[in-house]
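Please look over the structure below before reading the notes.

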Amino acid sequence: MNRYLVAAAAAVALMLAAAAFIFFFAPTDALQGPVQRIFYLHVSSAIAAFVSFAVVVVGSVAYLWRESIVGDRVARSAALVGVVFTTVTLVMGMMWAKPIWGTFWTWDARLTSTLVLWIIYAGYLLVRRLAAPGRQAARFAAVVGIFGFVDVPVVYFSVTWWRTVHPGPVISTDALPPEMLFTFLFTMACTLVLAAVMIAIRYRIEALSDAQPQSQFVLQAAQRPTS
Amino acid sequence: MSAILAAGITHWFGSEPALEGVDLVVERGDHVAVLGDNGAGKTTLLRILATAMQPSAGGLEIMGLNARREKRRLRARIGYLSHAPGLYPALTAAENLAFFCDLRGVDRARVPEALELMGLTQVARRRAAELSRGLQQRLAIARATIHDPLLLILDEPDASLDAEAPELLSRVMQKRTVVFATHDQALAARLGHRTVQLRKGHVMGAGSRLHVVH
Amino acid sequence: MRSIAVALAVARKDLVSEWRSRELVPALAQFVVLALVIANFGFQIDSRSAPAIAPGVLWLALVFAGLLAFGRAFAAEKEQASLEQVILTSAPPAAIFAGKALAAAALLVLCEAVLLPALALFFGTPLSIALAAAVFLATIGMAALGCMFAAMVAQLRAREVMLPLLTLPLWIPFIVAGGQAVQVMMGGGNSYGQALWLLIDFDILFVVLTSLAARFVLDE
């Protein structure tokens with residue numbers, strides 16, 4: 001069995017274990033009831049999304065700085081995974097918000113900036129498709145990836161300054177009972193592993209498609225020694 | 001030192017090969033005519049030589065400078081006439097040239113001289129949009145030489161020029177290294193020192209000295 | 001030194017072209033007035049609801065006029081095939097950007113000169129220096145971002161769709177702070193001074209970032 005399959009199976013097993021903790025180990029929240037269980041995966045996938053986008057930025061900078069094809073490929077893979085986790089975050093957040101806030105959506109800082117994040121990196125994926133393959137796609141996407149990452153804290157800040165209702169961080173205030181805290185940290189670790197495995201598999205796919213004979217990257221790499 | 005040293009230039013558009021393993025050596029002061037059918041890769045080759053495009057693969061050195069790494073220094077020494085004239089329709093002929101003087105950091109005093117050389121003095125104050133296609137072509141040639149480049153890359157310079165094309169072109173080609181693409185065998189014979197024949201992205205009979213041919 | 005000369009030459013060239021053809025500004029001005037008319041029907045605006053809605057209408061009209069103006073700035077160069085010639089002059093990309101942004105921003109300011117009085121006329125917004133200052137500060141940052149993405153999008157397929165898609169998310173901070181500034185003037189919101197400082201901060205941030213990114217967007 002190849003190692004990607006093993007890694008994928010391990011990630012799925014970990015996520016199932018996390019689900020078991022969420023449903024059978026963590027106590028039911030006194031105020032919110034069972035809906036609160038959404039929190040574990042919701043926050044974990046938000047963190048996984050942010051980490052993925054941070055990886056996009058690192059890869060993009062590496063590409064712009066030294067034309068590192070590996071950097072670009074890492075960025076490409078992480079962007080897709082980041083968009084997937086952002087989608088999960090948004091959808092789960094809305095499912096939680098309806099019973100608790102009485103509405104699926106409110107325009108507070110976190111929600112707005114997460115939505116903006118989703119839009120920007122969906123745009124990133126589109127730029128990759130629409131630009132001329134090779135250098136142009138890589139450069140343009142890298143610029144979008146970096147601008148998007150800078151923009152999100154700015155949007156967050158400007159909306160906070162304006163108005164916000166999202167519950168603040170609860171971890172640091174010791175408000176979480178130990179079982180909940182453990183479940184949360186475990187779920188987060190599992191989700192990060194899942195994200196890492198997804199990025200790795202995606203990287204492999206990108207590497208294989210770059211290795212197609214007509215790919216611009218192969219030819220560029222071949223050019224290196226002569227120039 | 002050769003003016004152009006190109007080795008194994010290859011370019012793909014998607015999965016379509018436009019150029020495959022083109023080798024080209026051009027000596028200083030040489031005038032090379034690139035001949036070939038439509039779609040043979042002439043424009044792609046010229047665009048690559050003008051640094052308007054990077055080849056998918058292959059090494060390119062122009063006037064001792066690496067075309068990948070020292071693009072900006074190279075561009076200051078190359079004059080490129082592209083397929084489309086790329087003029088600003090609302091600006092006059094003189095203003096078009098003056099604008100490119102500003103971009104290149106060249107003295108605007110060169111404008112009248114460049115217009116004169118291309119026989120455009122009469123229409124200097126007409127807008128580019130009002131000029132005939134032939135006059136637009138002359139203006140584009142004037143712009144390609146406004147910074148007195150050492151190397152001229154001309155893509156079908158005779159397009160829409162009348163009978164005086166050879167005379168006009170030989171004026172700007174003097175004392176310069178020139179690579180030009182054309183369909184016109186006679187023009188290639190008259191202006192080129194030698195020809196390069198492209199077919200489907202490959203060089204066919206390169207290096208034949210033209211004075212032998214005619 | 002050369003950068004400044006290049007930026008000014010590009011800006012002057014664009015403004016002279018626009019002055020002679022007068023294509024964009026009349027269309028933009030008309031678009032902006034039309035946006036107000038449509039907003040009136042869309043929102044059922046009366047004298048009581050106007051203070052709450054007018055700032056939003058102002059920024060919506062401005063954002064879409066801006067998209068048109070910046071999109072045109074590079075689309076025209078691409079259609080005329082002059083963009084390539086400009087790039088091949090080896091003029092610094094950041095300077096070319098600055099020139100394009102300067103000219104496009106100037107056109108947008110002209111369009112604001114129609115929008116703000118029209119807004120005052122139809123919706124009773126105050127017509128003050130303070131309001132103009134907030135709108136102007138937002139225009140600077142929006143122009144920097146708008147021109148950068150317009151240059152990128154001009155080189156893509158499907159450019160009409162992509163410009164708003166890439167630009168709008170990055171304009172949000174300007175719309176939030178600018179909208180706040182206008183709301184203060186209509187008797188609501190927090191602090192005008194703070195909104196203005198925010199706009200200045202965003203301007204600096206994005207002008208610096210776009211000039212750093214210029215050479216990756218405007219090369220071959």
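**Briefing**

From the N terminus on, chain A runs α-α-α-α-α-α-α. This is a predicted model, in which local features need pLDDT of at least 70, side-chain atom pairs count only at pLDDT 80 or more, and totals for chains, interfaces and linings use all residues. Residues are numbered from 1 along each chain as its sequence is written, while chains are lettered from A and ligands numbered from 1 in the order in which they are written.

**Chain A**

- Chain A has seven helices and zero strands; helices (H or I, at least four residues) and strands (E, at least two) are DSSP runs, numbered from the N terminus.
- Of its 227 residues, 40% count as buried. A residue is buried if 20 or more other C-beta atoms lie within 10 Å of its own, exposed if 12 or fewer, and partly exposed in between, with C-beta atoms placed from the backbone.
- Among contacts in chain A between residues at least 6 apart in sequence, 79% join residues at least 24 apart; two residues are in contact if their C-beta atoms, placed from the backbone, lie within 7 Å.

**Helix 3 of chain B**

- The 12 residues of helix 3 (residues 93-104) of chain B should span 16 Å at 1.5 Å a residue, and the 17 Å between its end C-alpha atoms agrees with this. The expected span is 1.5 Å times one less than the number of residues.
- Helix 3 of chain B is mostly covered, with 11 of its 12 residues buried; among them are B:Leu97, B:Phe99 and B:Phe100.
- The cover includes helix 4 (110-117) and helix 5 (133-144) of chain B, together with helix 1 (2-21) and helix 4 (82-87) of chain C.
- Just after helix 3 of chain B, B:Gly105 has a positive phi of about 70°.

**The sheet of chain B**

- Four strands of chain B form an open sheet in the order 2-1-4-5, with antiparallel pairing. Two strands pair if DSSP finds at least two bridges between them.
- Strand 2 (16-26) and strand 5 (65-66) of chain B are the edge strands, each pairing on one side only.
- Five bridges join strand 1 (residues 4-13) and strand 4 (residues 57-62) of chain B in the antiparallel sense; B:Leu5 has B:Glu61 in strand 4 as its bridge partner.

**Confidence in chain B**

- Chain B averages a pLDDT of 88, where pLDDT is the predictor's confidence in each residue, from 0 to 100.
- Confidence is highest in helix 3 of chain B, at 95, and lowest in helix 8 (residues 210-213) of chain B, at a mean of 37.
- Where pLDDT is low, the predicted coordinates should not be read in detail.
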